[in-house]
Amino acid sequence: MKKKWLALGLSISIALSALLGGCGSSSTSGSGDSSSAQQAAGDTIKVGILHSLSGTMAISEVSVKDAEMMAIEEINASGGVLGKKIEPVIEDGASDWPKFAEKAKKLLQNDKVATVFGCWTSASRKAVLPVFEENNGLLWYPVQYEGMESSPNIFYSGAAPNQQIVPAVEWLLQNKGKKFFLLGSDYVFPRTANKIIKAQLAAQGGELIAEEYTPLGHTDYSTIVNKIKAAKPDVVFNTLNGDSNVAFFKELKASGITAKDLTTCSVSVAEEEIRGIGADNMVGHLVSWNYYQTTDTPENKTFVEKYKAKYGADRVTDDPIEAAYINVYLWAEAVKKAGSTEVAKVKEAAKGLEFKAPEGTVKIEGENQHIWKPVRIGEVQPDGLIKEIWSTAESVKPDPYLKSYDWAKGLSN
Amino acid sequence: MSTYLLQIFNGISVSSILMLAALGLAITFGLMKIINMAHGELIMIGAYVTYMIQNVFIQYMDKSVFDLYYIAALPCAFVVAALVGYLLEITIIKRLYGRPLDSLLATWGVSLILQQMARSIFGAPNVDVRSPVWLDGGLVLGDVQLPYKRLFIIGLVILSIAGVYIFLYRTAYGRRIRAVMQNRPMAQSIGINTRKVDSVTFSIGAGLAGIAGCALTLLGSIGPTLGTNYIVDTFMVVVLGGVGRIVGTVAGAGAIGVGNTTFEFFTNASLGKVLVFLMVIIFLQWKPQGFFTINSRALDE
Amino acid sequence: MNRFSIGNKFELGKKNMTIVIIILLLCMAPFFLSDFRTNLLGKFVAFAILALGIDLIWGYTGILSLGHGVYFGLGAYCMAMYLKLEAGGGRLPDFMSWSGRETLPWFWKPFGAAPIAIFMALCLPALIALAIGYLTFKNRIRGVYFSILTQALSIIFVVLFVGQQELTGGTNGITNFKTIFNFSLADNRTKLWLYYISVALLLLAFIFCRFIINKRVGRVLIAIRDGENRARFSGYNPTTYKVFVYCISAVLAGLAGAIYVPQVGIISPAEMGIVPSIEMVIWVAIGGRGSLNGAIIGAILVNLMKSGISEKFPAVWSYFIGIAFVVVVIFMPTGLVGAFNKLKKKLFSLKVGKAGQLAQSNVPVE
């Protein structure tokens, strides 16, 4: 009997404390890794960090959060912005889109943050988009995505399709072959990306062999690999989501298919994911991004060093991590230039802003709030890093609606 | 032709994986009537144990014996998962016998905790387990290549099922387990320590999940949410096959595995999944007890 | 926790006291909370409506459905389709055009009219529940088998909705609404209205459920829970009653979904999945199954707790939630309300003696 009362008391006190916490006016970041949280509220600028720290997407998003925290600490260490320290408010989107919307509302309305760094999946971005537009907030989104979007309240530092997919397909058509097999997870990015690719293939003399989608969290790729074998494509263009890539590449290798027999090009597999897949399962396969850990710039050298020093020598950096990192700097630079954290002023100041990023000098395109980026095709090495084998001569202008391509006319209505 | 042959093999292979994942459930759910939603997390534990053993071998052992880590990992995964299962049983499960639906809710809470623990200990990103070299490549028959990994899992399943069968039906302890599960008061009255039998049975079920986790490292990703991908499928296997019969689990896994790959081959993966689950629902309308039933005259079974 | 102490004083009105206090508290809440919190609370009130339905089927009838997310989701999607069409103002919804669709699918067209959308939000769940319920209950699929079957149902719906991106918005779901009945959703007054509408709907749903429970139907349901075969042999056909209550609970779930969408602003297939479905049951388990007040308290309290803890401890909040679930299910099978009643009974019997105990036995145990 006693135990029962104990349990009751325990759960009630948990509930009460939660109630109090939930209704309290402000809550700062709970995790211990923010040194700036002790700062008095008046001398800080609050910014939101909104990623999935639990659920299936935590696999990718936790590292991105780490990069953002690192950038915030660096900026604080060098004096902050406008004489104030940046104070991160961390929220967990829990891989659940309505939860993202809820937390975004909380950050903007309750915590009154100056800006938010966050999201990974397109679905979570689409979920928070109306929240940011309604409340006139500012979101810095760090991941490559399917394009066809340009919200006035979002800055996109990942690649638009014309900075990743389109050049990759063009390069593959010229160097690897005409017959394409499109493989993707069943959600918005792969479906939209493949729509673009199909239009491009039709215009540039490629041939679509097959198009396959697997549910998110699909674990067995033996049938898909069998279909690939039967179809004999020149190129498998892979838009699978993080987790499924592991099963897919392990299956490819187990079936005796190596990069020599079949060219695959992935756009959602970066260094972080390769760690989970196992480098030996992916050696020689191709990927397309804007940044690799091996990218040869002085900025990148220090970035990688600092990241490893902070989070461990076994950690790797990759494109979304880098994009998340420069997001914080881009925002800070824009705030400095504007002399204010007001959204309209920051947006105005961000137009044309240039920054020496680890991937090279990037520039914010004022027209669509995307970023000029170089495009790089890389090959996975035995140590799990990626070697650049081709890159654009200079940064590519972002074109989320693919307006500058004739064949893409019908796509963006 | 070779495509179809390979597809038949894929069906068998997927079935064998489901079988392995569901075998532990066949014991905890089938015999003990505990709906263990944390079964998937026990599988995850098995996978992480394999990862740890691999790291131990990399750190402390000579390179030449690295490939043997997998052999060491199998029993370790069993033991660790069984231990976790034992702890679960003596703290939580023992209070839930006879309340199957409550066991479902409580163990779901447990699965949340275990997932978060994995995230705290190993970090949120997936980890990599390098499969041993002797499992690379495959058996080449004409122009069909059967991956050794999948053949190995099929062998492992056969061994596990045989082991479970022999243990349950050919040993004194197995007889005791069956006695307790079939008629608890009677078993108690002839002097069987039913508490101990409960703990041991549940631990064995959990240990089998650990082995499944170890096997899954060969094929898929190893991360905190690994178990969630399998939990519903495995319950379907047990229910479809018929609760309480090992042969039912084999049949259920066979039907779902072959069904899944075949539908996937002729349509696509999403539709394949929908069709299989639809078939299972329709089948259960016809035979609510699954393929194999235990005849019973009790009205409220 | 004062509502219970007040409940003690007015012994006669006690049965209604709890709900009156809950509703009063909910009505006053907007005066004390920020707009954001009120909006959040409105979402929880929607969940409470759903919890009432789950309590009817699980607490009173003993059927554990792990697929109620589907009915909730269907209600929500019906409403979302209306909101999306209104936001589009005659143009094709945005996700359709980027999925390459040129015309509005036929089944979307009626949803342009709000009454039809609301009607469908209630009807569609009922129809599907009728079909599923009739088949499974007639074939005497019970207990765990039914629970697992409903899980399969929820997976089917999720995969279907995810796969039909051009028709349903895929994984993203449907989002980016602008107005409801031509009132701007961004306006705080509209949000307040929606909040009070949810509270009113909650009260109506409660009265409706109370009505069912107090009728003979309610007693038959409890009889089915406690001994289905005995009920059958007493001349009642359990199938009819079970199908009836399953449909009612599906309708309540649909209603909850319909009022959830305008307040939250998004519905995605994930909300129909197994995880949310299990969570819904947990609310009722924590609040107290077999007690309508318990369902409401559980739904609101658990969600408050979830939001609160996940804000305070974004990295490790799952621990708290997991532990709370385990503790409540194991140690308080009748939930918070049941535990309070026991506590009250104990205190009361100390004061008044045995006569008081008889008057207290309104909460069934398991």
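Colleague: What is the strand order of the open sheet of 3 strands in chain A?

Modeller: This is a predicted model. The pairing in this open sheet of chain A is antiparallel. Its 3 strands come in the order β11-β12-β13.

Colleague: Which strands of chain A stand at the edges of that sheet, and why is one side of each left without a neighbour?

Modeller: Each edge strand has a single partner strand, so one of its sides has no neighbour in the sheet. Neighbouring strands here are turned against each other by 35 degrees on average, direction ignored. The strands at the edges are β11 (354–357) and β13 (370–372) of chain A.

Colleague: At about what angle to β11(A) does helix α12 of chain A run?

Modeller: Helix α12 (residues 319–338) of chain A lies across β11 and β12 of chain A. Its angle to β11(A) is about 150 degrees.

Colleague: Which element gives the most to the side of chain C that touches chain B?

Modeller: The contact involves 37 residues of chain C and 33 residues of chain B. On the chain C side, the elements giving two or more residues are α6 (114–138), α7 (143–163), α13 (274–287) and α15 (317–331). By class, this side has 27 nonpolar, 9 polar and 1 charged residues. With 14 residues, the element that gives the most is α7(C).

Colleague: Does Ala48(C) count as buried or exposed?

Modeller: Ala48(C) lies in helix α3 (residues 35–60) of chain C. Leaving aside neighbours within four places in sequence, Ala48(C) is in contact with Leu202(C), Ile296(C), Ala299(C) and Ile300(C). A residue with 20 or more other C-beta atoms within 10 Å of its own is buried. Ala48(C) has 28 C-beta neighbours inside 10 Å, so it counts as buried.

Colleague: How far apart in space are Ala48(C) and Leu167(C)?

Modeller: In sequence, Ala48(C) and Leu167(C) are 119 residues apart. In space, C-alpha to C-alpha, the distance between them is 30 Å.

Conventions: Residues are numbered from 1 along each chain as its sequence is written. Chains are lettered from A and ligands numbered from 1 in the order in which they are written. This is a predicted model: local features need pLDDT of at least 70, side-chain atom pairs count only at pLDDT 80 or more; totals for chains, interfaces and linings use all residues. Two residues are in contact if their C-beta atoms, placed from the backbone, lie within 7 Å. Helices (H or I, at least four residues) and strands (E, at least two) are DSSP runs, numbered from the N terminus. Ala, Val, Leu, Ile, Met, Phe, Trp, Tyr, Cys and Pro count as nonpolar, Asp, Glu, Lys and Arg as charged, and the others, Gly among them, as polar. Two strands pair if DSSP finds at least two bridges between them. Axes are lines fitted to C-alpha atoms, for helices over the stretch in contact, and angles run from 0 to 180 degrees between N-to-C directions. A residue is buried if 20 or more other C-beta atoms lie within 10 Å of its own, exposed if 12 or fewer, and partly exposed in between; C-beta atoms are placed from the backbone.
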